[in-house]
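This report is meant for a reader who is meeting the structure for the first time. Please look over the sequence and the model before reading on.

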Amino acid sequence: SAYCLNSFKLAEKLTILNDRGVGMLTRIYNIKKACGDPKAKPSYLIDKNLESAVKFIVRKFPAVETRNNNQQLAALQKEKSEILKNLALYYFTFVDVMEFKVKFTVNFDLTKNYLDLVVTYTTLMMLLSRIEERKAIIGLYNYAHEMTHGSSDREYPRLGQMIVDYENPLKRMMEEFVPHGKSLSDALISLQMVYPRRNLSADQWRNAQLLSLISAPSTMLNPAQSDTVSSAHHLLIGFILCHGALNSDPAALSLWKLALQSSSCLCLFRDEVFHIHKAAEDLFVNLRGYNKRVNDIRECKESALGSMHRERRKFLRSALKELATVLADQPGLLGPKALFVFMALSFARDEIIWLLRHADNIQKKSTDDFIDKHIAELIFYMEELRAHVRKYGPVMQRYYVQYLSGFDAVVLNELVQNLSVCPEDESIIMSSFVNTMTSLSVKQEDGEVFDFRGMRLDWFRLQAYTSVSKASLGIADHRELGKMMNTIIFHTKMVDSLVEMLVETSDLSIFCFYSRAFEKMFQQCLELPSQSRYSISFPLLCTHFMSCTHELCPEERHHIGDRSLSLCNMFLDEMAKQARNLITDICTEQCTLSDQLLPKHCAKTISQAVNKKSKKQTGKKGEPEREKPGVESMRKNRLLVTNLDKLHTALSELCFSINYVPNMVVWEHTFTPREYLTSHLEIRFTKSIVGMTMYNQTTQEIAKPSELLTSVRAYMTVLQSVENYVQIDITRVFNNVLLQQTQHLDSHGEPTITSLYTNWYLETLLRQVSNGHIAYFPAMKAFVNLPTENELTFNAEEYSDISEMRSLSELLGPYGMKFLSESLMWHISSQVAELKKLVVENVEVLTQMRTSFDKPEQMVALFKKLTCGYVLKRMTIIGVILSFRSLAQEALRDVRLTFLSESVTFSPSQVAMNVYELSSAAGLPCEIDPALVVALSSQNPEEEYKIACLLMVFVAVSMPTLASNVMSQYSPAIEGHCNNIHCLAKAINQIAAALFTIHKGSIEDRLKEFLALASSSLLKIGQETDKTTTRNRESVYLLLDMIVQESPFLTMDLLESCFPYVLLRNAYHAVYKQSVSASA
């Protein structure tokens, strides 16, 4: 029959129209936002050339006058084709709205879908009326169409009239719905058994033990059942459209007042809101007989405060926490208690959206009601429940497959059998329901995809069929059948539509359109230590955003997707920064505690102990005793909370959040929260290490390597403890950061501790050595300050003794020490270059001296022709640098790669240079220094061998000049000379070894030649009578012994053949005797 066919079609029409209505809302919303943004607004609306034309069109709208207004519309003529092209999307969106309005007026029935459609239609017309540029857009398009095609667009007359008619949409729709008032009011009043239960206070929920699984343990496994809930939107908008029922039906008035008290502003669509009290008052104030309704509105507005919602959120926090905890322990309960989960999600979602909407749109009377610092906790528990549903979806599916086939099918079959009247069509549909459910089995679950959409649509069709007035089977007369079918439909959704159910009940994509409020809530969450553990809920919300897009408006996907990515990135970055700052504060505290344990701080304690023993009274009476390290750990009771305790608590809370999920997918992009923390820790650790060197370029101050090492170790200990909170690989952070610190620059091009310490040792310490303010003391294996007029700002010994050099080696590592060596070698090569210049200047004289060392008179004459310059001074500088490098290499050997020593020490003497390089990298001593060979081999090789030989001659014949220097006196206490000439031994041996390795000469032969020349020259000063010239003759003699002792190529037998050992013995005796008399 005709009514049967129409009834069956009604289900499809309502389904399609509701979906299309949401799509139309999305498009109209985007047009409104575009027109409200100067950057996105169509350019024709703000073009100065078209301004007069636009004003004319809007003034005359919807009339079209093109003939008599050529002057005003002339500018349109040039742009008509572009206007048609660019405004087509806007224009035809308005046409689609008009078509939607036409379709809407023929469909009335079925409570939920019908009311949804009413609300969608009303919202659409209200949003349309809020687009201020609607007339300009439609008019511009039509005028361009007329100029191009000679006539108006065929849809324009109806569209223009609709725009004019709906200037005040609610007023117009109140008139429009007069014929349908009875249908609409009946549908609304049918909610009186459902809505009041949905709108209870928190105390009533609490007393009823709502959402609790453990309040009645005996019923824990029983399947949960409930009536469908409904929203206030239907009631508030519906009763405005059929307002007559408010005066005639007390039930309608009661429902409407209850809804008015629940909200001050309604969400039309996304962030577009509707202030219901003001709008209803404006509409009713001019209607006769509605004075009481106006008073009702005002009373409800006064009582529509946020305290009830605040208490509800408070209740829901504890209820959802309990629910999530129980389900985490017993996920099997997700089967029978699935309805509880979706109810909890729905309640929480509604309260969160209410708060978001009102906090942003209401002039606040009570700020506390509209600011919830614990909102993150509620969102977090929602996310936990959603995660349980996604994780244990197969468990729920298995449960409900068995439930549908084993219980629902049996009960439905009994209900159908007991129907007194069951026409053939209804009977066929009912039987198909029973057969579909009976045929289900758990085995299907493994390989087959369940799809109950057809069954649900059949039930929708059946409702439409049995709801018409002439139907022989009335659904209202068989409530048990209706309730059972609704339950079955819910069960089918648990099998094939879990994801859709999650979106329907817990989607919070609305936060996408409240970015400022969203960010503010996030900041409040981070600021409150007790809430920071829930901060991960904000990035997780960004995964919801894409669910608000609609296929009818694909162009907004990229915009919303980009917003979700940027917000998620910002939230995770801020969380990582906060955690990094807490870790940094903890590190600072720990570094302070470690600093207290440094040896330098125990001097005062030792002094006090010694004085106490000797019973000396020092210091003022009553001076407070200095606290010893470790006092901070002694507490009188557990209530004492230190700053470090607070920092650790705050860090553990925040790290819980960062560690909550391994990764999250936002718009096909995967975010890993832990990587954000790792990245920030790497950057901060790098900056901290460099910062802890405390290098001051102006004053040339720098931290002692041992103190820096102590601080770095304290820092690393704290960072290692972070692994207790978050599953991150701190070793990777250490490797990335510390390895970069062994290079000259880090990955960001910033200086490292390697470059800072290298510069300091070269430019500050060694420069002061060259200036004569510091000497190298071999006995102490350290550089020591010499007493001078201008005291240095640092104590050289505190930066160059064994412990400091070992600390430096440990900080810089083999790579850093190699860079330090290369920098030292660069300075040596520059000194050697200058020495070679001096050799070139004196090449003829030196050549003659080389062959005349056994002719004393000729040697004296030739020596006078030499322009000595600073030959020995430069060689001494080279010796000082090599002595410093020797200290560094020895320290490196002590702390690094000691396992290589065995394999390298027993290598054959004629070992290849690459083995020397390996030895040097391990800090082992080498006969030939590979770094020095590399540094010197880069110089011009022409006639280099001869120059190298003459350089050794030049040094040998210049040595007697040292005896006249006051500072050349040998000190047994330091095993060296105060002017560092003892470093010549190392310089002569290593320079000779390097130069003659490069030029493939015999190192041994050249050093023998040097020894012969040097001993011959020094023997001559033994015959000198001038006391000034021979002032420190014995101290200079000792240099020959030092050269031989230092050299792997020379022997004492060889020295004995050139220089009598008795002279050396007498020299040692003289300097020791002189030292004793000087100290006396």
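## Basis

This is a predicted model, in which local features need pLDDT of at least 70 and side-chain atom pairs count only at pLDDT 80 or more, while totals for chains, interfaces and linings use all residues. Residues are numbered from 1 along each chain as its sequence is written, and side-chain values use heavy atoms, with hydrogens and water left out.

## A helix pair

Helix α38 (residues 843-851) and helix α39 (residues 856-865) have axes that come within 10 Å and cross at roughly 160°; helices here are DSSP runs (H or I, at least four residues) numbered from the N terminus, and axes are lines fitted to C-alpha atoms over the stretch in contact, with angles from 0 to 180 degrees between N-to-C directions. That makes α38 roughly antiparallel to α39 (angles over 145 degrees).

On the α38 side, the contact (heavy atoms within 4.5 Å) is made by Val845, Gln848 and Met849, and on the α39 side by Met859, Leu862, Phe863 and Lys865.

## Cavities

Searching the whole structure gives 2 cavities of 30 Å³ or more, a cavity being a set of points on a 1 Å grid over the protein atoms alone where a 1.4 Å probe fits but cannot get out, with lining residues having an atom within 4 Å of a point. Volume is the space filled by probe spheres set on the points, which are joined across faces, edges and corners.

The largest cavity has about 50 Å³, and α40 (871-895) supplies the largest share of its lining, 4 residues. The second largest cavity holds about 30 Å³, and α46 (1003-1021) gives the most to its lining, with 4 residues.

Methods. Helices (H or I, at least four residues) and strands (E, at least two) are DSSP runs, numbered from the N terminus. Angles under 35 degrees count as roughly parallel, over 145 as roughly antiparallel, 65 to 115 as roughly perpendicular and the rest as oblique. On a 1 Å grid over the protein atoms alone, a cavity is a set of points where a 1.4 Å probe fits but cannot get out, and a pocket is an open set with protein on both sides within 12 Å along at least five of seven lines; lining residues have an atom within 4 Å of a point.
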